[in-house]
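Student: I would like to learn how to read features off a model of this kind. Please take them one at a time.

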Amino acid sequence: MPTTCDWENSVFKRSIENLGNRTLQAVWRIGFAARFFVAVLLHSGTAFRRFGLTIREMYFTGVLSLIIILVSGLFVGMVLGLQGYETLQTYGAEDALGILVALSLVRELGPVVAALLFASRAGSAITAEIGLMKATEQLSAMEMMAVDPIARVVAPRFWAGVISMPLLAALFSAMGIFGGYLVGVQLIGVDEGAFWSQMKSAVDFEQDILNGVIKSVVFGVAITTIALFEGYDAPPTAEGVSGATTRTVVTSSLAVLALDFILTAFMFRGLN
Amino acid sequence: MHNDNLVEIEDVEFGYGDRPVLKGVNLTARRGQVIAIMGSSGCGKTTLLRLIGGQLKPGQGRVRVAGQSVGELGQAGLYRLRRKMGMLFQFGALFTDISVFDNVAFQLREHTDLPEDAIRDLVLMKLHAVGLRGAAQLMPAELSGGMARRVALARAIALDPMLVMYDEPFAGLDPISLGVTGNLIRRLTDTLGLTSLVVTHDVQESLKIVDYIYFVSEGVIVAEGTAAEIRASDLPYVHQFVHGEADGPVPFHYPAPPYADDLRLGKQRV
């Protein structure tokens with residue numbers, strides 16, 4: 001039977017303590033993140049009263065993400081054109097290429113891939129910026145100047161991200177459809193009339209486009225909240241900021257994929 | 001509360017988690033004076049400033065600024081009080097995404113409805129006071145350490161505060177910038193009629209400009225007095241600090257087991 005001393009020093013006890021500490025920290029962090037999210041919503045007045053602040057952040061998060069979003073959208077659409085044609089022609093249904101490209105992009109690939117790109121391009125930048133502002137005491141300085149950093153720095157970035165995300169997803173889908181058209185119609189020779197008319201008749205505004213927009217808004221909320229929280233909570237050191245930036249990309253990418261499944265499950269019509 | 005005292009700290013205790021930092025500090029800052037808070041690194045000097053600014057709340061005791069108990073104020077009251085305070089952070093903490101001009105104009109734009117013409121004149125006057133009117137359009141990354149500190153000082157006095165707190169204003173400066181910064185603190189305090197609290201461990205520079213000095217060690221005030229009294233003090237801690245001696249009440253060595261034991265002298269090595 002182990003003595004008290006053995007138990008005090010045992011690896012088993014330390015690992016249980018370690019597990020308990022980690023669990024407590026994780027729960028505490030989730031609670032802090034929830035309070036942070038509520039605080040951002042409550043302090044959003046400035047972001048709308050002084051909309052110039054939000055517009056400025058939309059330039060950094062949205063406009064500067066345009067290149068990567070547009071180029072990626074074009075290539076994804078071109079690949080869809082090639083792969084779709086390959087499969088559809090087996091069944092003699094190559095005229096339906098327009099439907100395949102448009103529905104894949106508007107329902108899934110547009111919001112999801114644009115969100116993943118947004119997380120790595122804009123999300124990481126937001127975390128690094130806020131983290132460094134904290135590490136260099138800029139946020140403390142702002143507090144000491146009687147200006148609330150949540151209202152002045154965090155909320156405009158949050159709304160800029162939430163507004164930019166659906167616009168970027170729409171542009172991604174538009175470029176993708178153009179890429180599919182280039183490959184399918186111009187390169188392979190699918191009938192142009194059939195490509196556009198079948199797309200027009202098959203894509204439903206409410207079920208396809210609106211659901212895609214809802215997805216991208218939800219992704220925008222998730223990514224910007226994670227990015228802002230990680231930056232705000234980052235330890236004020238070089239390793240702290242780099243770790244927070246990595247966590248932003250990993251966590252928000254996983255969140256986007258998980259949320260996509262949940263949202264798709266709610267929007268699914270196949271069983272009706 | 002004495003009317004002449006702008007800041008009064010009474011029996012303040014504070015700790016981070018289980019680690020006590022301040023163990024019953026009493027301190028007052030009279031209006032119009034430059035007060036230095038000195039002590040070795042990590043003794044709780046910056047914590048004191050954060051308690052006065054309301055960024056931290058004391059565990060015990062009371063911090064009063066202009067008669068108001070800082071720890072008991074809500075956010076609105078605290079922000080109203082902070083508009084009358086300026087703080088100079090250790091490395092300036094300038095906003096790096098906007099110019100020197102916009103940094104100094106920040107509070108004026110946030111807290112007043114002044115037209116842009118008036119803001120421009122005020123900003124240039126503040127920058128002129130710290131000798132950097134010509135640097136108004138530079139970005140913070142283009143400034144030297146001393147210049148950044150002076151811009152931060154101009155920003156701290158933008159709203160004509162009654163109290164300015166300086167966190168290590170002399171750290172990492174060359175001798176010229178050191179003298180310039182010291183003189184600026186003294187001159188601005190006298191001409192603007194404000195009260196300055198300087199947290200520092202630069203003894204020689206601060207003894208030249210301050211009216212009164214508090215020494216903090218291990219969470220308590222161990223000595224206080226005017227510059228002349230501090231120079232003449234024979235308290236071992238103050239003597240070691242003022243004369244920069246390596247060993248004394250503050251030991252050179254971090255606590256460790258006996259040296260001979262660590263080197264395993266007198267024991268057979270395996």
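Tutor: Two strands pair if DSSP finds at least two bridges between them. This is a predicted model, in which local features need pLDDT of at least 70 and side-chain atom pairs count only at pLDDT 80 or more, while totals for chains, interfaces and linings use all residues. Residues are numbered from 1 along each chain as its sequence is written, and chains are lettered from A and ligands numbered from 1 in the order in which they are written.

Student: Which residue takes a positive phi in the hairpin of S4(B) and S5(B)?

Tutor: That residue is B:Ala66, with a phi near 50°. The hairpin has two residues between its strands. S4(B) and S5(B) run antiparallel and are joined by two bridges. In this pairing B:Val65 stands opposite B:Gln68 of S5(B).

Student: What is the strand order of the open sheet in chain B?

Tutor: The order is S2-S1-S4-S5, four strands with antiparallel pairing. At the edges are strand S2 (19-30) and strand S5 (68-69) of chain B, each of which pairs on one side only.

Student: How many bridges join S1 to S4 in chain B?

Tutor: Five bridges join strand S1 (residues 5-16) to strand S4 (residues 60-65) of chain B, and the two run antiparallel.

Student: How should I read the packing of two helices?

Tutor: Two packed helices are described by the angle between their axes and the distance between the axes. The axes are lines fitted to C-alpha atoms, for helices over the stretch in contact, and the angles run from 0 to 180 degrees between N-to-C directions. Angles under 35 degrees count as roughly parallel, over 145 as roughly antiparallel, 65 to 115 as roughly perpendicular and the rest as oblique. A crossing is left-handed if the near helix is turned anticlockwise from the far one by less than a right angle, and right-handed if clockwise.

Student: At what angle do H5 and H8 of chain A pack?

Tutor: Helix H5 (residues 66-90) and helix H8 (residues 149-188) of chain A pack at about 40°, with their axes 6 Å apart. H5(A) and H8(A) are therefore oblique to each other, and H5(A) passes H8(A) in a right-handed crossing. The residues of this contact divide into 18 nonpolar, nine polar and no charged. Here Ala, Val, Leu, Ile, Met, Phe, Trp, Tyr, Cys and Pro count as nonpolar, Asp, Glu, Lys and Arg as charged, and the others, Gly among them, as polar.

Student: Which residues make the contact of H3(B) with H4(B)?

Tutor: Helix H3 (residues 100-111) and helix H4 (residues 116-129) of chain B pack at an angle of about 125°, with their axes 9 Å apart. They are therefore oblique to each other, and the crossing of H3(B) and H4(B) is right-handed. H3(B) contributes B:Phe101, B:Val104, B:Ala105, B:Leu108 and B:Arg109, and H4(B) contributes B:Ile119, B:Leu122, B:Val123, B:Lys126 and B:Leu127. By class, the contact of H3(B) with H4(B) has eight nonpolar, no polar and two charged residues. Two residues are in contact if their C-beta atoms, placed from the backbone, lie within 7 Å.

Student: Is A:Lys134 buried or exposed?

Tutor: A residue is buried if 20 or more other C-beta atoms lie within 10 Å of its own, exposed if 12 or fewer, and partly exposed in between; C-beta atoms are placed from the backbone. A:Lys134 counts as buried because it has 22 C-beta neighbours inside 10 Å. A:Lys134 lies in helix H6 (residues 97-135) of chain A. Leaving aside neighbours within four places in sequence, A:Lys134 is in contact with A:Leu139, A:Tyr232, A:Ala234 and A:Pro236.

Student: Where is A:Ala146 found?

Tutor: A:Ala146 is in the loop between helix H7 (138-144) and H8 of chain A. A:Ala146 has a positive phi of about 65° although it is not a glycine, and it counts as buried because it has 20 C-beta neighbours inside 10 Å. B:Arg264, in the segment after helix H10 (259-262) of chain B, also is not a glycine and has a positive phi of about 55°. B:Arg264 is exposed, with 10 other C-beta atoms within 10 Å.

Student: How many residues does each chain bring to the contact between A and B?

Tutor: Chain A brings ten residues and chain B 15 residues. The side of chain A that touches chain B divides into five nonpolar, three polar and two charged residues.
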